Amino acid sequence: MSEMKKYMEKAEASILKTYNRFPAVFEKGEDVYLVDMDGKKYLDFGAGIAVSALGYSNEQYKNALKNQVDLLLHTSNLYYNKPAVEAAEKVVKASGLDKVFFTNSGTEAIEGALKVAKKYAYDKDPSKEYEFVAMHHSFHGRSQGALAVTGNSHYQDGFVPMGIRAVFAEFNNLEDVLSKITDTTCGIICEVVQGEGGIYPAKKEFLEGLRKVCDEKDIILIFDEVQCGMGRCGSMFAHDLYGVKPDVMALAKGLGCGVPVGAFVTNEKTSKSLVPGDHGTTYGGNPFATAAVSTVFDIFESENIVENVKEVGAYLYEKLEELKEKADGIVDHRGMGFLQGLEFDAPVSPIVNEAFAKGLLLISAGSNIIRFVPPLVINKKHVDDMIAILEEIIVK
Ligand SMILES: *Cc1c(COP(=O)(O)O)cnc(C)c1O
C-alpha cells in the first residue's frame with residue numbers, strides 16, 4: 001500500500017467522518033498548484049474553498065508569518081498587540097466602516113454580527129424578542145446561530161430549535177423581504193453573492209431596496225462577505241460594485257489567505273452596541289492571525305490583486321461563455337471576477353471527479369453547479385489550462 005493510501009486509512013480511523021474527501025493527501029503548495037504525497041500536481045481552482053487568494057508561493061506573506069512566529073504568537077485580548085492594530089486600521093480604511101472585531105472563522109464573524117444587531121435593537125427597546133430576515137439558499141456557517149439564518153434545510157435538519165429567530169425570504173425578491181419585516185425585526189442578513197447556494201449575485205435594486213427599508217425602519221443590514229469579499233468579485237468588497245453599504249459586514253476566507261481568521265466590521269451606528277463584557281474570544285485577533293491579515297492587505301495593494309481579478313476574471317468569464325456554447329448540458333453561467341458558476345442539467349460530481357483524476361481541482365456549489373474560485377493571482381494561461389481539461393471532459 002502506498003504511503004499516501006496509509007494516511008487516508010489512518011484519517012478515516014481517527015478523524016470524525018463529516019466529509020467525503022477526495023483521495024489525495026496534499027503535502028505542499030507551489031504557485032497555484034497543490035502537490036500530493038505521490039508527487040502528483042493539481043491546478044487549483046478551488047483555493048481551499050475561496051481561501052488561498054495569494055496562491056501558495058508568496059514570499060512576502062510567508063516571511064511575515066515566519067517573522068511573527070519568532071516574535072509572538074498569542075497574548076489574549078486582555079492586552080493590545082501591534083499586528084491587530086495594524087490589521088484593524090487596514091480593514092477600516094479599505095471598507096470605509098468604523099470598527100473591527102477579529103474572530104477565528106466566518107461562522108464566528110456571523111455570530112458576532114447577529115449579536116450586534118440584536119443588541120442594537122435591545123438597547124432601543126428591551127421589551128421585545130427580536131428576529132432576523134434571512135434569505136433562502138443562503139449559507140452563513142455551522143454554529144447554531146449562523147445555522148439559524150442559513151436558508152437551506154439540508155444544513156439545519158437535526159439541529160432545531162436554534163438560538164436565533166429567523167424568517168426566510170426569497171433572495172433578490174424585495175417584495176418578499178418587505179412582507180417578512182415586522183416590529184420585531186432587528187436585522188436583515190444576506191450574502192452579496194450567494195456562494196454555497198449556487199453563485200447567485202444580488203441585483204442592484206434588491207440591495208438598494210434593503211438599504212432603504214433598513215434606514216427607514218432602523219433595522220441593521222448585515223452583508224456576509226465571507227466568500228465574495230476580499231477582492232474575489234473584482235473589487236475589494238463585493239458591495240463596492242453596488243454602491244450599497246452595510247451596517248455590519250462579515251469577513252473570513254480570503255482575509256487570512258490560509259491562516260484561520262475572520263472579522264465583523266461595524267459602522268458608526270453599530271460600533272457602540274457591544275460593550276466590554278458583551279462579546280469576547282480567547283484567540284480572536286491574536287498577533288499571528290492579524291499579522292497575516294495585515295500582510296494580506298499590503299500585498300493586495302502592492303501586487304494589484306484586485307486589478308488581476310478584474311482582468312483575468314473577465315477572461316475567465318469569456319472562456320466559460322465559449323464553453324457554454326460548445327458543451328451540452330450547461331444551462332447557466334453566473335457570477336463575476338473569481339466567483340463564477342456553471343450550472344448543468346445534471347449533478348456535476350462525475351465532472352469534478354474526472355477533473356481531479358486529470359490534475360485539476362474544481363469544487364461544486366449545490367449538486368449541479370461547478371464553482372470557480374481560484375487563487376486571485378492566477379493568470380490567463382492558468383485559465384486556458386483549466387478550460388482545456390474541462391473541455392476534454394464535457395465537450396464530446
Ligand atoms: C464559508 C462561509 C461561511 C462560514 O465560514 P467558516 O470559516 O467556514 O466558519 C459563512 N458565510 C459564507 C458566505 C461562507 O461562504
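Modeller: Gladly, with one term to begin: two strands pair if DSSP finds at least two bridges between them, a strand being a DSSP run of E with at least two residues and a helix a run of H or I with at least four, numbered from the N terminus. The model is predicted, so local features need pLDDT of at least 70 and side-chain atom pairs pLDDT 80 or more, while totals for chains, interfaces and linings use all residues. Residues are numbered from 1 along each chain as its sequence is written, and side-chain values use heavy atoms, leaving out hydrogens and water.

Colleague: In β17, which residue is the bridge partner of Q340?

Modeller: Strands β14 (residues 339-344) and β17 (residues 369-372) run antiparallel and are joined by four bridges. Within β17, Q340 has as its bridge partner F372.

Colleague: Which strands stand at the edges of the open sheet?

Modeller: The sheet has four strands in the order β13-β14-β17-β16, with antiparallel pairing. Two of them have a single partner strand each, so one side is left without a neighbour: β13 (330-336) and β16 (363-364).

Colleague: How are the rings of F26 and Y42 arranged, stacked or edge-to-face?

Modeller: Rings of Phe, Tyr and Trp (its six-membered ring) pair if their centres lie within 6.5 Å; planes under 30 degrees apart are stacked, over 60 edge-to-face, the rest tilted. By this rule there are six aromatic pairs. The centres of F26 and Y42 are 5.2 Å apart with planes at 85°, so the pair is edge-to-face.
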